Amino acid sequence: MRPRKGTIGLILYFLLLLLPIYWMFNISLRTNADILNEFALYPADPTFANYMKIFTDPAWYSGYINSIAYVAMNVLISLSVALPAAYAFSRYRFLGDKHMFFWLLANRMAPPAVFLLPFLQLYSTFGLIDTHIAVALAHCLFTVPLAVWILEGFMSGVPREIDETAYLDGYGFPRFFLTIFVPLIRSGIGVTAFFCFMFSWVELLLARALTDTVAKPIAATMTQTVGATGLDWGLLAAAGVLTIVPGALVIWFVRDYMAKGFALGRV
Amino acid sequence: MSLKLENVTTTVGGETHIDNISLELSPGTLHVLIGPTLAGKTSLMRLMAGLDKPSTGRVLVDGEDVTGVSVRLRSVAMVYQQFINYPSFTVYDNIASSLRLTRLSNHEIDLKVREVAITMRIDPLLDRRPAELSGGQQQRTAIARALVKDARLLLLDEPLANLDYKLREELRVELQELFKRRETIVVYATTEPSEALMLGGAAVVLDEGRKLQSGPTLEVFQNPASVAVANIFSDPPMNMIDGEIVDGEARLGEDIRLPLDGHLGQLSPGPYRFGVRAGHLSVVSSPGHEFRFGATVDFAEVSGSETFIHIRHGGAAWVVQEQGVHSFDLGQPIDVFLDAARLFVFADSGRLVAAPAPAGGGTPR
């Protein structure tokens, strides 16, 4: 009897988890009048009008493009900075290495809001406000330490003798790193990219404060659906559904290595 | 090529790993580094390879100082105790990887890879990845990688230690054949005296980062310069007992009395330490083993077709190695027979003063 009880429990649990997402999907397929008038478990007369509006109105779809642009920049910058840093922490001993390594993670412990004012001041001085790179760089403050920690864990799992064997074989460092080492920590890089993506994608405070119109993220657009006529429920729900999609796609690719990523590569 | 280490010392964090070692290695000879774990075998090899830099001292190749020269610019190949191959490459690519960095054409590389794969008997596995191979096959791949390079210095750091007994025996014989045909300096590290003896060549006995003795392997085995060397170069460690020479006879332990014949003849009276290898003791009397003394059995262990009987005589714990499987009761009193011609005699300081004449024929133990 036990396994069946367990199965039922799991099904209930997943139903509970999926309920809000389903509800958002449900609302996104209905018109505002319909949503406010009656309670329905499923859309009786599904309409894609909300989605059409997002895909055709530049005010909406540019939000997605902006978000994707700075998130992609952030992931690229984080990885290209963190890969060499993590290699150094994993392979070399240098003065204060342990303290510096811990300090990196301590950075993660401060709430993003703390850095808002300095960022605003700094970026406006350099004329970076309302650019994609501004948000990407600001997010790096949080994603780079995380990336260094995760990658260091994965790299330390590769025996040092592999590096030495490559040098004995006559490999130079860049060639060894790209052709031998990187393929060995492929899954780690995938997981790291996912964690950077996830942070940057859902972070709202910095992204909204540092942008205006040109680089406005989708989440900021969503907060501005409150008009004179009240909330546009259907549109908001459709935008919400579309926000989940990229994350779900990325998770699909790194699903096998997620647990190791949460353990910072140290399983 | 000749490789010379001049007074090399390495200290890591205040700890001395290699203590003032000088060595000269000549080509075409197999050099066996023998020593217990933590003796500094790996540290010494890393110095030879150029993976580490000595704290003081110099490394010379053909008389040229290469102490600080990067490992990439030297002609070195190394096989580790762990099976180290590139996991993302196939066996073929693993073997070919060092050749691809040279100016050889693809055709030449292919010929060389296939040739060495046949020698190491991994030719049917060339398309597999290391993770799909057994431990023995992985180490064969690692050795093939090292051999294909034709490096002037070939280092093998306990290459067979992580393999099971049968595979070890098999690979040991093959390696021995391979080394004979090479003009390289081969350095082979091992903890096992039997492996060192089988490989022959020249031996360097290491302990706690110091060089204790070096010379032709068999000679070192037959004339261990000190008690420490005798212990390292005997498996199980050499049985030691304090004694003295008085009134024209040797008195060992409590009641062993031996006449001063043969190599014991020229010894002057005084205190000594006497050593005998486990294989030169017996629980049965036979020609040669005629000196009987009483002992009690601590315990006996059977290993393969041999029995190691741990005995106690007076205060000393000894081990007797006996062919065949025998069983003994705990605390059982037995008679042990000793061959006086096989006794090593060390001075109180631990220095060898008399060694038995090499046994004609028969495998040394």
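Which residue of β14(B) is the bridge partner of B:D242? The points below take up that pairing and then the rest of this predicted model.

1. **Strand β14(B).** The bridge partner of B:D242 in β14(B) is B:R273. B:D242 belongs to the pairing of strand β11 (residues 239-246) of chain B with β14(B). These two strands run antiparallel and are joined by 7 bridges. B:R273 has a further bridge partner in β20(B), namely B:F346. Strand β20 (residues 344-346) of chain B pairs with β14(B) over 3 bridges, in the antiparallel sense.

2. **Burial of that strand.** How many of the 7 residues of β14(B) are buried? The count is 5, so strand β14 (residues 270-276) of chain B is largely enclosed by the rest of the structure.

3. **An open sheet in chain B.** 4 strands of chain B make an open sheet, ordered β2-β1-β4-β5, with antiparallel pairing. As background, strands of a sheet pair through backbone hydrogen bonds.

4. **The largest nonpolar core.** This core holds 92 residues. Those that touch the most other members are B:M48, B:M78, B:I95, B:A144, B:L155, B:V187 and B:V205. Helix α4 (residues 135-148) of chain B is the top contributor, giving 6 residues. Both domain 1 (3-226) and domain 2 (236-354) of chain B supply at least three residues each. A separate core of 46 residues lies apart from this one; its members include A:V71, A:F89, A:C140 and A:L206.

5. **B:V187 up close.** What does B:V187 contact, leaving aside its neighbours within four places in sequence? Its partners are B:L25, B:H31, B:L33, B:M45, B:M48, B:L155 and B:L156. Two of these partners, B:M48 and B:L155, are also listed with B:V187 among the residues that touch the most other members of the core.

6. **Contact between the chains.** Chain A puts in 14 residues and chain B 16 residues. On the side of chain A, α8 (160-169) and α9 (173-184) each supply at least two residues. Helix α8(A) has the largest share of that side, with 7 residues. By class, the side of chain A that touches chain B has 8 nonpolar, 3 polar and 3 charged residues.

7. **Domains of chain A.** The domain assignment gives domain 1 (1-47) and domain 2 (58-262). Their C-alpha centres are 32 Å apart. The contact between them takes 8 residues from domain 1 of chain A and 7 residues from domain 2 of chain A. On the domain 1 side, α1 (2-28) and α2 (32-37) of chain A each give two or more residues. Helix α1(A) gives the most, with 4 residues. That side divides into 4 nonpolar, 3 polar and 1 charged residues.

8. **Confidence in chain A.** The average pLDDT of chain A is 88, and 96% of the residues score at least 70. Which elements of chain A mark the two ends of the mean pLDDT range? Helix α14 (residues 258-262) of chain A is lowest, at 75. Helix α4 (residues 58-91) of chain A is highest, at 93.

Technical notes. Residues numbered from 1 in each chain as written. Chains lettered and ligands numbered in written order. Predicted model: local features only at pLDDT ≥ 70, side-chain atom pairs only at ≥ 80, totals over all residues. Pairing = 2+ DSSP bridges. Core = buried A, V, L, I, M, F, W, Y, C linked by C-beta atoms within 7 Å. Buried ≥ 20, exposed ≤ 12 C-beta atoms within 10 Å, placed from the backbone. Domains from an automatic or database assignment. Contact = placed C-beta atoms within 7 Å. Nonpolar A, V, L, I, M, F, W, Y, C, P; charged D, E, K, R; others polar. pLDDT = per-residue confidence, 0-100.
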